[in-house]
Amino acid sequence: MKNVITAAAAAVAIVAPRLQAQDLTPRAYLITPLSSNAVTLSDVFTDGNLEFEGAVPITDATARLNMPLIGLYHSLSFFGRSANVTATLPYGVGNFKGTAFGSETSVYRSGLFDSVFRFSVNLKGAPAMTLDEIRQWRQKTLIGVSLKLVAPTGQYDPTKLINLGSNRWSFKPELGLSRRWGHWVVDAYAGSWFFTRNPEFFSRNQYVPGTQDQTQAPIVAFETHLSYDVKPRLWVSLDGNFWRGGQTSLNGVENPLTLQKSSRIGVTGSFPITRRQSIKVGYADGAYVRFGGDYKIASLAWQYAWIGKPN
């Protein structure tokens with residue numbers, strides 16, 4: 001019985017709070033003038049089923065999450081190349097339901113998610129430019145790289161089955177390509193998620209008096225976008241992604257049934273309000289989900305941007 005309980009905990013911990021592999025972010029390698037700054041306030045609503053594919057004895061599992069967040073952006077020169085850094089702090093309010101071992105169970109959580117940091121630099125197509133220089137520049141082919149870091153700052157209690165935080169570090173190196181043809185822009189990204197060990201996974205409770213060690217295999221992720229500029233700062237995008245991997249191991253024993261192999265499709269639109277303000281809306285749904293969260297995700301974001309003095 002203990003092994004069944006801990007296997008269920010492993011599956012729920014993977015698919016409930018973690019949404020990084022499901023990223024759909026068009027124009028992630030957009031070039032901006034030196035010392036561009038932005039503050040973004042967003043609200044992301046997630047609703048859907050949890051698919052376990054027989055890995056654990058949990059059925060009819062659902063999750064509903066509301067995630068307000070604040071993001072900060074700053075562009076800079078990195079050895080003469082255009083670069084930027086972002087930081088995001090999300091908060092979560094969630095309800096999880098399901099039937100486990102014949103009993104209906106519901107769980108409510110409210111607290112911080114793990115914070116996210118990203119550094120991106122352009123390798124080809126765009127040196128660092130001032131506002132006047134970028135006005136004379138026209139995008140063709142851009143190639144960039146980025147590193148995303150997820151820090152374990154979220155709410156985590158090792159005695160509980162479901163947490164908003166993950167109690168581990170996550171890293172995603174990525175290669176990005178962006179190509180413009182007139183009003184059309186095609187983006188394509190390829191990267192992999194890597195995870196550190198969680199040394200206190202579902203531990204010190206009535207089911208597991210000691211501590212458990214959980215590791216997770218890397219997740220390979222691909223993402224693509226086709227967007228169209230209606231006019232400056234007003235654009236729409238068709239989005240899609242695919243990810244595979246992420247098998248979990250508990251105390252050194254791998255569970256191959258936790259392999260994730262899924263894809264999502266969505267749409268995104270950005271609409272200017274004033275010279276410095278804009279609104280972005282998005283919607284995405286699962287195209288194919290083998291194991292994990294089969295979510296519908298709707299998002300709304302307000303952004304205020306300005307340009308400071310060059311570094």
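Predicted model: local features only at pLDDT ≥ 70, side-chain atom pairs only at ≥ 80, totals over all residues.
**Close-up A. Phenylalanine 202 and tyrosine 207 form a stacked aromatic pair.** Their ring centres are 6.2 Å apart, with 25 degrees between the planes. The pair counts as stacked because its planes are under 30 degrees apart. Phenylalanine 202 is buried, at a relative accessible area of 6%, whereas tyrosine 207 is partly exposed, at 37%.

**Close-up B. Phe78, Phe79 and Phe119 make up a cluster linked by ring pairs.** Look for the three phenylalanine rings here.

**Close-up C. Serine 120 sits in strand E5, which spans residues 115–124.** Serine 120 has a relative accessible area of 3%, so it counts as buried, the cut-off being under 20%. Beyond its neighbours within four places in sequence, serine 120 touches Tyr29, Ser82, Ala83, Asn84, Val145 and Ser146. Tyrosine 29, one of these contacts, also has arginine 118 lying over its ring face, at 5.0 Å from the ring centre.

**Close-up D. Strands E7 (residues 170–181) and E8 (residues 184–195) run antiparallel and are joined by ten bridges.** Within this pairing, phenylalanine 171 stands opposite phenylalanine 194 of E8. Two residues lie between the strands of the hairpin, and glycine 182 adopts a positive phi near 65 degrees there.

**Close-up E. Strand E8 also pairs with strand E10 (residues 219–231), in the antiparallel sense.** Ten bridges connect E8 and E10.

Conventions:
Residues numbered from 1 in each chain as written. Heavy atoms only, no water. Pairing = 2+ DSSP bridges. Helix = DSSP H or I, 4+ residues; strand = E, 2+ residues; numbered from the N terminus. Buried < 20%, exposed > 50% of the residue type's maximum accessible area, 1.4 Å probe, protein only. Contact = heavy atoms within 4.5 Å. Phe/Tyr/Trp six-rings, centres within 6.5 Å; stacked < 30°, edge-to-face > 60°. Lys NZ or Arg CZ within 6 Å of the ring centre and 35° of its normal.
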